[in-house]
Each structure stands twice: as structure tokens, then as C-alpha cells.
Amino acid sequence: MLLPLLLGGAILYWMYRDFDFRRIENILLDGMNWTWMLLSFPFGILAQTFRGWRWRQTLDPVGEHPRMATCVNSIFLSYASSLVVPRIGEFTRCGVLKRYDGISFPKALGTVVTERAIDTLLMLIMTGLTLLLQMKVFTTFFLRTGTSIDTLLGSFSATGYLVTFICGMAVLLLGYLLLRKLSFYDKVKATLSGIWQGVMSLKNIQHIPLFVFYTLGIWVCYFLHYYLTFFCFDFTAHLGFNCALVTFIVGSIAVIVPTPNGAGPWHFAVKTMLMLYGVSDVNALYFVLIVHTVQTMLVIILGIYGWLALAFTRKLSARKEAAATLV
């Protein structure tokens with residue numbers, strides 16, 4: 001829990017160690033157009049809402065039917081909880097469905113794995129297309145940051161690959177043997193079976209066009225949530241669609257690093273790409289700091305709303321159960 005915070009904090013400190021924070025107030029009050037920032041909010045909300053609706057759809061084939069509102073509010077809460085402990089949100093939303101609607105936790109987790117696989121595939125497609133369209137910009141980025149796929153792969157010899165493979169197989173075999181010996185093996189097996197059912201839910205999903213619409217809608221809304229912020233500042237308003245798409249893709253890849261809402265890696269990646277498009281170092285720092293902070297605040301507000309809505313839902317359910325018992 002502490003390591004992601006330290007990692008993100010260290011990157012942010014390195015980036016902003018000589019930064020003049022006194023200008024932030026002037027930019028917030030007089031140097032940016034808040035209308036565009038406010039216009040971006042509905043797309044941030046809609047992206048999470050689409051994710052909740054899509055999740056509800058993937059649970060149907062495994063015989064689980066949570067309320068739509070519970071799915072959406074669990075998504076709101078999951079994003080907010082991941083600000084405290086990165087990646088915990090995936091487990092949080094499954095726990096919410098189990099607590100409020102009695103949904104199987106393993107099956108819910110399996111559908112989350114399926115969702116993430118689909119999102120990863122779509123992101124890879126988007127990244128590939130963007131690389132082809134903006135190859136020159138990405139090449140410059142890799143040169144300036146010292147990032148190179150050849151360098152990363154070249155650091156491993158043939159022996160290194162073999163040893164890594166053998167160690168990985170040994171760990172898997174050891175884990176399997178230990179599970180066989182432990183008393184809760186059957187419980188673990190049943191849990192894994194539930195997860196597998198969730199993973200395989202996609203093949204039996206109904207209304208495929210609606211599922212595709214939700215999936216595309218999630219990422220289109222994410223992009224618009226980010227792209228509209230370009231028009232908040234004079235130094236990014238003219239950069240255009242291609243720059244927004246490239247920086248969005250790079251930022252989306254950067255948040256794979258487990259820090260709260262990608263804080264640190266996202267700042268560094270987007271700031272570096274903006275500089276390649278001619279934005280000054282200082283202005284790029286202002287952009288990533290303000291945009292990331294404001295959008296993170298929106299995540300927190302939605303998380304609070306989801307938590308309050310779920311609390312109200314629980315009380316309402318309790319009253320219904322009490323009334324049914326009296327009858």
C-alpha cells in the first residue's frame with residue numbers, strides 16, 4: 001500500500017522540485033477557461049456509468065442479476081478506492097455486489113477479468129493505429145526518454161529467458177502441490193471455478209451490439225473527458241485531435257504503473273509528449289498538474305456519491321425485508 005504512494009510521490013517530487021506553485025492560483029482564476037473543464041465532466045461520469053451498465057450485462061450469462069444502480073455505484077466507489085490502494089477497486093466493486101445484491105464474488109471477479117481483457121485488446125488496437133499515424137512523434141519520445149523495446153529485450157540472454165521460464169513453471173508447480181495439501185483446497189477450487197465461469201461469460205452474452213456500444217462508449221467518453229481539457233488553456237487549444245489522441249494513449253499506458261490514479265507516471269508521460277508538440281516545459285507541467293488534479297477530484301466526488309447511494313440502498317432493502325417479515 002505504501003510503495004505505490006512513495007513511487008508516485010517520488011516521481012512528482014522530481015518533476016516539480018523547482019516548480020513555482022504560486023502561479024497556479026493565477027492560472028486557475030485567470031489563465032484557463034473553466035467552461036471546457038465543466039463540459040468535460042459529463043463524459044467522465046458517463047464513462048464510468050457505461051462501465052457499470054456493461055458489467056451488469058456480462059453478469060447475466062452466469063446467472064447473476066444485480067440491480068443496475070448497484071453496478072454503477074460500485075464502479076464509482078471502485079475508482080475512488082483505487083486512489084487509496086491502487087488496483088483494489090476491482091475487488092471493491094465485486095465485494096459491493098456481494099454485500100448489497102448477493103452476487104457471487106468469484107463470478108463477479110471473473111467477469112471483471114473478462115472486461116479488462118477486452119479493454120486491453122481495444123487499447124492495443126488503438127495504440128497500434130496511433131503508432132502508425134504518429135510514428136515520428138513516438139520515435140522521438142522513445143529517444144528522449146531512453147525507452148527502447150530492443151534495449152529491454154536485449155537485457156535478457158537466451159539463458160536468462162530459459163531460467164525465467166523454469167522458475168515460473170517451478171513456482172506454479174509448487175503452488176499447485178501446496179494447494180493439494182491444504183485443507184481448503186476444495187474451497188479454493190470452487191472459487192477458481194466461479195472465476196472461470198465469469199471469465200467465460202462473454203461467449204454467452206446477449207445483445208452483442210449493445211455490449212460493443214458500451215465498450216466503445218467507455219473509451220470515447222474517456223477520450224473526450226481528456227480532450228476537452230485542451231481547450232481550457234491557450235497553449236494546448238491549438239494542438240488538435242492527433243496530439244490529444246497520442247497523449248491520451250501514452251497516458252493510458254502510463255497508468256499501468258500502480259500509483260493512485262496514475263499520479264506521477266501519467267504526469268511524466270503526458271508532459272513529455274506535450275513538449276514534443278511544442279508546449280513549453282513549464283506550461284506542460286501546469287497542464288498535467290491541473291487536469292490530473294481536477295479529474296481526480298471528480299473521481300473522489302463520484303466515489304462519495306456512490307458510497308452514499310449504496311448506504312441508502314442498503315437501508316431501503318432492510319426496510320423491505322422487515323416489511324415482508326411482518327406480512
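Predicted model: local features only at pLDDT ≥ 70, side-chain atom pairs only at ≥ 80, totals over all residues.

**Cysteines**

I started with C243, which counts as buried because its relative accessibility is 0%. C221 also goes down as buried, since it comes out at 5% relative accessibility. For my own reference, buried means under 20% relative accessible area, exposed means over 50%, and partly exposed is in between, with a 1.4 Å probe and protein chains only. Then I looked for disulfides, and the count is zero. The rule I used asks for a pair of cysteine sulfur atoms within 2.5 Å.

**What I am looking at**

Residues are numbered from 1 along each chain as its sequence is written, and side-chain values use heavy atoms, with hydrogens and water left out.

**Overall make-up**

How many helices and strands are there in the chain? I get 14 helices and zero strands. Both are DSSP runs numbered from the N terminus, helices being H or I with at least four residues and strands E with at least two. I also checked burial over the whole chain: of 327 residues, 44% count as buried.

**Salt bridges**

I counted 11 salt bridges. To qualify, a side-chain nitrogen of Lys or Arg has to sit within 4 Å of a carboxyl oxygen of Asp or Glu.

One of them pairs D119 with R54, with the closest N and O atoms 3.1 Å apart. This pair links distant parts of the chain, as D119 is in helix α6 and R54 in helix α3, 65 residues apart. Are D119 and R54 buried or exposed? D119 is buried, and R54 is too.

Next I looked at D60 and R56, whose closest N and O atoms are 2.5 Å apart in their salt bridge. D60 is partly exposed, because its relative accessibility is 33%. R56, at 18% relative accessibility, counts as buried.

I also wrote down E90 and R116, which meet through their side chains in a salt bridge at 2.6 Å, N to O. E90 belongs to helix α5 and R116 to helix α6, so the pair ties together parts 26 residues apart in sequence. Salt bridges with shared partners join R51, R54, E90, R93, E115, R116 and D119 into one network.

**More on α6**

I118 sits in helix α6. It counts as buried, because its relative accessibility is 17%. I118 and T215 are 97 residues apart in sequence, but C-alpha to C-alpha I get 8.4 Å in space.

On the surface I found a nonpolar patch made of L121, I125, L129, L132 and M135, with about 530 Å² of accessible area together. Areas are from the Shrake-Rupley method with a 1.4 Å probe, and for residues only the protein chains shown count as cover. Patch residues need over 30% relative accessible area and no salt bridge; like charges are joined within 9 Å, nonpolar side chains (Val, Leu, Ile, Met, Phe, Trp, Tyr) within 5 Å. Which helix gives the largest share of the patch? That is α6 (residues 105–133), with four residues, and L129 is found in this helix.

**Largest pocket**

The largest pocket holds about 1300 Å³ of space. On a 1 Å grid over the protein atoms alone, a pocket is an open set of points where a 1.4 Å probe fits, with protein on both sides within 12 Å along at least five of seven lines; lining residues have an atom within 4 Å of a point. Points are joined across faces, edges and corners, and the volume is the space filled by probe spheres set on them.

I listed 37 lining residues for this pocket, and Y79, W219, Y222, S252 and V255 lie nearest its centre. Helices that each supply at least two residues of the lining include α3 (34–59), α11 (208–227) and α14 (281–326). Which helix gives the most to the lining? It is α6 again, with six residues.

R87 is not a glycine, yet its phi is positive, about 75 degrees. It is in the loop between α4 and α5. At 41% relative accessibility, R87 counts as partly exposed.

H207 also has a positive phi, near 55 degrees, in a residue other than glycine. I found H207 in the loop between α10 (185–199) and α11. H207 is exposed, because its relative accessible area is 56%.
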